[in-house]
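Keep the sequence and the model side by side while reading.

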Amino acid sequence: MAKSKFEYVRQFECEDKLLPNCWIVVRVDGKSFHRFSDVHHFMKPNDERGLGLMTRAAQNVMEDLKDIVMAYGQSDEYSFVFHKNTALYNRRGSKIMTNVVSLFSSSYTMLWPRYFINQELQYPPSFDARVVLYPSDQNLRDYLNWRQADCHINNLYNTCFWKLVQERGLSPVQAQERLKGTLSSDKNELLFSDFQINYNTLPELYRKGTVLIRSKDQDSSPMTQTNQRTLVGNPLHSRARPSTLVLHVDIIGNKFWEENPEILAPRK
């Protein structure tokens, strides 16, 4: 290929190759999503349409980038885990991150009418992203544990908060003051005594978030782990695509990892 005298400008590009032998996590986060959800009339404390749309966009990313071994999502965020030995884009951090967040954002916008049938998109949603490296399997698991614990803490608070606002008529400031300094046990007692709600019976989608993993060989791996598994393909593409499994399960304990050892297994 012919060269020009202007090609010297490539010398200014930064080489941002990520460290080898580390798990790569790209976390996508909604930008100013409190305002976005208010403008688009999301139901509180949880909107199944919004959560479903987030997961469908995440599936599109996962099915397009084969080196993602799993993803975890809650609220307006999704974390994508790339295998520690991936050579995708020569492990260039900016290349990996921008491909993930751009595909996620475009998928979210494109799929909006399928989930919010009667709600026109008022303005383009925006997502930011970051790349974090985790050198050990335990580091990676602790990261995912942190995100799932965050899902539970936030959902418990939000469930109490919106019950006080919607059913007790408290203002947001009053509800916030009512919950100030309360422990998880206090919030559980509030839900049970004031609203006859056992928090543990609420949908696991809300309490545990969503886990995406790749489907196993259906002939050799019957879907007997949990009745919450859902096999979902990718209708955005006409050609056949690998499917992903959508789970709403605990990932802090060992059971999930014992049932899915291929996630952390070394690549041959």
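## Overall make-up

A residue counts as buried when its relative accessible area is under 20%. The model is predicted. Its chain has 268 residues, and 44% of them count as buried. The accessible surface comes to about 14800 Å². Carbon and sulfur atoms hold 53% of that area.

The chain contains eight helices and seven strands. Among contacts with a separation of 6 or more, 74% link residues 24 or more positions apart.

Helix α2 covers residues 48–64, 17 residues in total. From first C-alpha to last, α2 reaches 24 Å, close to the 24 Å expected at 1.5 Å a residue. Of its 17 residues, 13 are buried, so α2 is largely enclosed by the rest of the structure.

How do α2 and α3 cross? Helix α3 spans residues 93–115. The two axes come within 8 Å and cross at roughly 135°. That angle makes α2 oblique to α3. The contact draws on R49, G52, L53, M54, R56, A57, A58, N60, V61 and D64 of α2. On the α3 side, the residues are V100, L103, F104, S107, Y108, L111, W112 and Y115. The crossing of α2 and α3 is right-handed.

## Helix α4 and its packing on α5

Helix α4 runs over residues 137–168. It has 32 residues and reaches 46 Å from first C-alpha to last. That is close to the 46 Å expected at 1.5 Å a residue. Just after α4, G169 takes a positive phi of about 75°.

Helix α5, residues 172–179, packs against α4 at an angle of about 130°. Their axes are 9 Å apart. The two helices are therefore oblique to each other, and α4 passes α5 in a right-handed crossing. Y157, C160, F161, L164 and V165 in α4 meet P172, A175, Q176, R178 and L179 in α5.

## Two buried residues

D29 lies in strand β1, residues 23–30. Its relative accessibility is 15%, so D29 counts as buried. Leaving aside residues up to four places away in sequence, D29 touches D76, E77, S126, F127, D128 and R130. D29 and Q74 are 45 residues apart in sequence, with their C-alpha atoms 9.9 Å apart in space.

Is V249 buried or exposed? At 13% relative accessibility, V249 counts as buried. V249 is found in the loop between β7 (244–247) and α8 (255–259). G209 is 40 residues away from V249 in sequence. In space, the two are 7.7 Å apart, C-alpha to C-alpha.

## Backbone details in the loops

A cis peptide bond joins K44 and P45, with omega at about 5°. P45 is found in the loop between α1 (33–39) and α2.

Y89 and its neighbour in the text below deserve a look at the backbone. Y89 lies in the loop between β3 (77–82) and α3. Its phi is near 50°, a positive value in a residue other than glycine. At 31% relative accessibility, Y89 counts as partly exposed. N90 is found in the loop between β3 and α3. Phi of N90 is positive, near 55°, and N90 is a residue other than glycine. N90 counts as partly exposed, at 43% relative accessibility.

Note on methods:
Residues are numbered from 1 along each chain as its sequence is written. This is a predicted model: local features need pLDDT of at least 70, side-chain atom pairs count only at pLDDT 80 or more; totals for chains, interfaces and linings use all residues. Side-chain values use heavy atoms; hydrogens and water are left out. Helices (H or I, at least four residues) and strands (E, at least two) are DSSP runs, numbered from the N terminus. Buried means under 20% relative accessible area, exposed over 50%, partly exposed in between (1.4 Å probe, protein chains only). Contact means heavy atoms within 4.5 Å. Accessible areas come from the Shrake-Rupley method with a 1.4 Å probe; for residues, only the protein chains shown count as cover. The expected span of a helix is 1.5 Å times one less than its number of residues. Axes are lines fitted to C-alpha atoms, for helices over the stretch in contact, and angles run from 0 to 180 degrees between N-to-C directions. Angles under 35 degrees count as roughly parallel, over 145 as roughly antiparallel, 65 to 115 as roughly perpendicular and the rest as oblique. A crossing is left-handed if the near helix is turned anticlockwise from the far one by less than a right angle, and right-handed if clockwise.
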